[in-house]
Amino acid sequence: EMFGQLTSGLESAWNKLKGEEVLTKENIVEPMRDIRRALLEADVSLPVVRRFVQAVSEQAVGVGVIRGVKPDQQLVKIVSDELVKLMGGEVSELTFAKSPPTVILLAGLQGVGKTTVSAKLALYLKKQGKSCMLIAGDVYRPAAIDQLVILGKQVDVPVYTAGTDVKPAEIARQGLQEAKKKNVDVVIMDTAGRLQIDKTMMDELKDVKRTLNPTEVLLVVDAMTGQEAAALVTTFNLEIGITGAILTKLDGDSRGGAALSVKEVSGKPIKLVGRGERMEDLEPFYPDRMAGRILGMGDVLSFVEKAQEVMKQEDAEDLQQKIMSAKFDFNDFLKQTRAVAQMGSMSRVLGMIPGMGKVTPAQIREAEKSLQIMEAMIEVMTPEEREKPELLAESPARRKRIAKESGKTEQQVSQLVAQLFQMRVRMKNLMGVMQGGSVPALSN
Ligand code: GDP
């Protein structure tokens, strides 16, 4: 799971407060040490860790007793809020030019995923109804130009190329002219990367930037490089002036340092994140959801949103409503599992479902199998049973009939019923937290 080590590091902090009545200067010493260690191990930059720990400690001792809220829950809430703040608070949207085309310039070192991101971003914007054009400006790697042309075809977006003999700024000029002729809404320019920062690259970028007068200059950084990513954002911002960052490879086993350091170190927000090699794997960066993931609470909102892509709009809203009111029934369960199956990328989605975190490929295959089993049982339920899971909880005869008709065991049916009730409780708790409500009771 993403940032798994950070999550378990933080967990040990809350665990040290079990049995305490109130947060005090004394009893937060150990937990704060755990938090500090967890963040440093996640490769968060040291000044950021210091400020974070200080901010959390100050609030923790000042918070006093809140009826019904345990000290460990209070600390989770404080850490959660501070994490959100650290990552920039609100989602930072892309800016569009008042009169098109909006120009987006992408920069970054070699291998970070810049070319891939160019095409992903075009697809992302296309889905929002914007017409796009790509400009291939990586004149040092003919392969990069070919790659962009291929990806452009894949996402069905035109790519402007001028070979490798033309200077990047000239390519930019020609490309922009072409884009204006074509009346496209957004132009995205991919530029050359280097293994390391060098003056020629910076000078070329400055030339390109001058030519394009871009609305967005986004630095693509690799999440695996941890706090180094934050340092790069700072350097590029000082050298050429950027509007934000795109963090790639968040699906890998990055430890969190980049996501947590970029905004605080550079002052520039992470606008988008890459979470896989597929063209669809680019999303806005939501600080609150990221904090939710880091705290190991799953991510109901992202899940519901993913589900929305495959489910009809009203279905999804209905689902959210039902989750909130704990009316989530077997019909919803079925809709949801089918949506999940359609989403293809099971691993990522499963990671978002509360209580299903920390999955391995073997567990995914297992989960896919168990989804089939669940479906078989739900399919033989009567409409009434699907809507009122209580009927099944109360009647062994009904469970027996379902087992018989679906070819499963009675035990499997009981498990399914129990699982639905568990999901109701979990989802309700989590939705509360995601909407800024109280912190759920922590398990164990
Ligand atoms: P560039 O040199 O910066 O243009 O990098 P590329 O776009 O060629 O990407 C380098 C490699 O990283 C390719 O194999 C991509 O498939 C891979 N990659 C890019 N973004 C992601 C991501 O978000 N997740 C994963 N797992 N791989 C990515």
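User: In which sense do strand S1 and S4 pair?

Analyst: This is a predicted model. Look at which strands are joined by bridges, and in what sense. Strand S1 (residues 102-107) pairs with S4 in the parallel sense, over five bridges. Leu105 stands opposite Met189 in S4.

User: Which strand do six bridges join to S4?

Analyst: Strand S2 (residues 132-137) is joined to S4 by six bridges, and the two run parallel. Here Met133 stands opposite Val187 in S4.

User: Why is S4 largely enclosed by the rest of the structure?

Analyst: Check each residue of the strand. S4 covers residues 186-191, and six of the six are buried, so the strand is largely enclosed by the rest of the structure.

User: Which residues point one way from S4, and which the other way?

Analyst: Val186, Ile188 and Asp190 point one way. Val187, Met189 and Thr191 point the other way. All of them are buried.

User: What is the order of the strands in the open sheet?

Analyst: Read across the sheet, strand by strand. The order is S3-S2-S4-S1-S5-S6-S7-S8. That makes eight strands in an open sheet with mixed pairing. Strand S3 (159-160) and strand S8 (282-284) stand at the edges. Each has a single partner strand, so one side of each lacks a neighbour in the sheet.

User: How many bridges join strand S5 to strand S6?

Analyst: Five bridges join S5 (residues 216-222) to S6 (residues 244-248), and these strands run parallel. Leu219 has Ala245 in S6 as its bridge partner.

User: Which strands does helix H9 touch?

Analyst: Helix H9 (residues 227-240) packs on the sheet and touches S1, S5 and S6. Its direction makes about 155 degrees with that of S5. Now take another helix. H6 (residues 142-155) lies across S2, S3 and S4, and runs at about 165 degrees to S2.

User: Which residues of H1 are buried?

Analyst: Start with the general idea. An α-helix has 3.6 residues a turn, so residues three or four places apart point the same way. In H1 the buried residues are Leu6, Thr7, Gly9, Leu10, Ala13 and Trp14. Seen down the axis of H1, they fall within an arc of 165 degrees, so they line one face of the helix.

User: What do the buried residues of H1 pack against?

Analyst: They pack against helix H2 (29-41), helix H4 (71-86) and helix H11 (287-294).

Terms used: Residues numbered from 1 in each chain as written. Predicted model: local features only at pLDDT ≥ 70, side-chain atom pairs only at ≥ 80, totals over all residues. Buried ≥ 20, exposed ≤ 12 C-beta atoms within 10 Å, placed from the backbone. Helix = DSSP H or I, 4+ residues; strand = E, 2+ residues; numbered from the N terminus. Pairing = 2+ DSSP bridges. Contact = placed C-beta atoms within 7 Å. Axes fitted to C-alpha atoms, helices over the stretch in contact; angles between N-to-C directions. Arc of directions from axis to C-beta.
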